Amino acid sequence: WADELRSRFRLSPELVDAEALRLAAWSCSPGITPWTMWTLAVTSIDFAKQPEILEGLSSVRWDVLVVDEAHLAALAELRAAATAFLARRARRVVLLSGTPCAGDAMGFHAICETGRMGSERPIVLFRRTRQGLGLPVSRKVRVLFVRPSRAEQRMHKALEQYARAVWREGGGDSDRRDARLAMMILCKRAASGATALSLSLDRRLLWLREGPDEVASQLSLPLGDDEIADDGEPERALAAPGLADRVEERRWLERLLALSREATFSESKIRALVRLLDRVGEPVLVFTEYRA
């Protein structure tokens, strides 16, 4: 966004992250929010949604708020709350999305209601289709099967055994439900890749050792890009113990963490993607569920 604004509109935006905010705070007078120093700011909604960051934005009034990937900002609970909070403090709101509406009336309604105040008129909608732009409507879809490496196979097998053990312990209370949800999260992360799984395992191991409240209190201030690396994982679920024997569960997680880190050295899906990009030889847009 910053590059596009510079090259296409000759505007000079400030890319605001934890470091930029920290530096600006040093030069501000007491009681003045650093956000007032910038006439044009570009930031991540995952950065802005943090309570201590939103608090600093509460006294700022923007001429225009532009929200990219609005379908993501309007549906995830914390993102939606932060987007609505900022939208109510902007004179104009522009919501952008390149993802077609798939018939989800509730999701589309959530986008249209973002920042609405009182009896405002309905949102003005501009929709462009490939056909309207004179582009080919049909597309070729090809599924590429990737054979996992031996290290990845060992990782998946061990994760399956751990998940089965947690699932068998049963129970109907909220802790058990959260533990089972944690297993579903870990399996989805493993399907995405070993790197994504290793980050979640590392986080789960830390929370089981120290508890989510203690970890949250240690990480109450923005520390850089790491605070948005979780891709919206539910902390309560990942912090829920899955086995009655805590020592045994930590052994499981340490073994899984070692296997996942071993698998990260040669991820089969990454290798397949690199080969594909080499063959295509042109710009490509890659979508992935988890940034990790």
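Author: Happy to; below, your questions are taken one by one.

This is a predicted model, in which local features need pLDDT of at least 70, side-chain atom pairs count only at pLDDT 80 or more, and totals for chains, interfaces and linings use all residues. Residues are numbered from 1 along each chain as its sequence is written, and side-chain values use heavy atoms, with hydrogens and water left out.

Reader: How many helices and strands does the chain have?

Author: Helices (H or I, at least four residues) and strands (E, at least two) are DSSP runs, numbered from the N terminus. By that count, the chain has 14 helices and 4 strands.

Reader: What share of the 292 residues count as buried?

Author: Buried means under 20% relative accessible area, exposed means over 50%, and partly exposed is in between (1.4 Å probe, protein chains only). Of the 292 residues of the chain, the buried share is 35%.

Reader: Among contacts between residues at least 6 apart in sequence, what percentage join residues at least 24 apart?

Author: Contact here means heavy atoms within 4.5 Å. Among the contacts between residues at least 6 apart in sequence, the percentage that join residues at least 24 apart is 75%.

Reader: Are helix 8 and helix 13 roughly parallel or antiparallel to each other?

Author: Two packed helices are described by the angle between their axes and the distance between the axes. Axes are lines fitted to C-alpha atoms, for helices over the stretch in contact, and angles run from 0 to 180 degrees between N-to-C directions; under 35 degrees counts as roughly parallel, over 145 as roughly antiparallel, 65 to 115 as roughly perpendicular and the rest as oblique. The axes of helix 8 (residues 150–168) and helix 13 (residues 246–264) come within 8 Å and cross at roughly 160°. Helix 8 and helix 13 are therefore roughly antiparallel.

Reader: How do the residues of the contact of helix 8 with helix 13 divide?

Author: Helix 8 brings residues including Met-155, Leu-159 and Tyr-162, and helix 13 brings residues including Trp-252, Leu-256 and Leu-259. Ala, Val, Leu, Ile, Met, Phe, Trp, Tyr, Cys and Pro count as nonpolar, Asp, Glu, Lys and Arg as charged, and the others, Gly among them, as polar. The residues of this contact divide into 11 nonpolar, 2 polar and 5 charged.

Reader: Is the crossing of helix 10 and helix 13 left-handed or right-handed?

Author: Helix 10 (residues 194–210) packs on helix 13 at an angle of about 155°, with the axes 9 Å apart. A crossing is left-handed if the near helix is turned anticlockwise from the far one by less than a right angle, and right-handed if clockwise. The crossing of helix 10 and helix 13 is left-handed.

Reader: Which aromatic pair is edge-to-face?

Author: Rings of Phe, Tyr and Trp (its six-membered ring) pair if their centres lie within 6.5 Å; planes under 30 degrees apart count as stacked, over 60 as edge-to-face and the rest as tilted. The structure holds 2 aromatic pairs. With ring centres 5.6 Å apart and planes at 90°, the edge-to-face pair is Trp-35 and Trp-38.

Reader: And what angle lies between the planes of Tyr-162 and Trp-252?

Author: That pair links distant parts of the chain, with Tyr-162 in helix 8 and Trp-252 in helix 13, 90 residues apart. Tyr-162 counts as buried at 0% relative accessibility, and Trp-252 is buried at 17%. The pair is tilted, with 5.9 Å from centre to centre and an angle between the planes of 35°.

Reader: Is Arg-10 buried or exposed?

Author: Arg-10 lies in the loop between helix 1 (2–9) and strand 1 (14–15). Its phi is near 55°, a positive value in a residue other than glycine. Most residues other than glycine have a negative phi. At 79% relative accessibility, Arg-10 counts as exposed.

Reader: Which residues is Pro-13 in contact with, leaving aside its neighbours within four places in sequence?

Author: Pro-13 lies in the loop between helix 1 and strand 1, and at 7% relative accessibility it counts as buried. Leaving aside those neighbours, Pro-13 is in contact with Ala-2, Leu-5, Arg-6, Leu-40 and Val-42.
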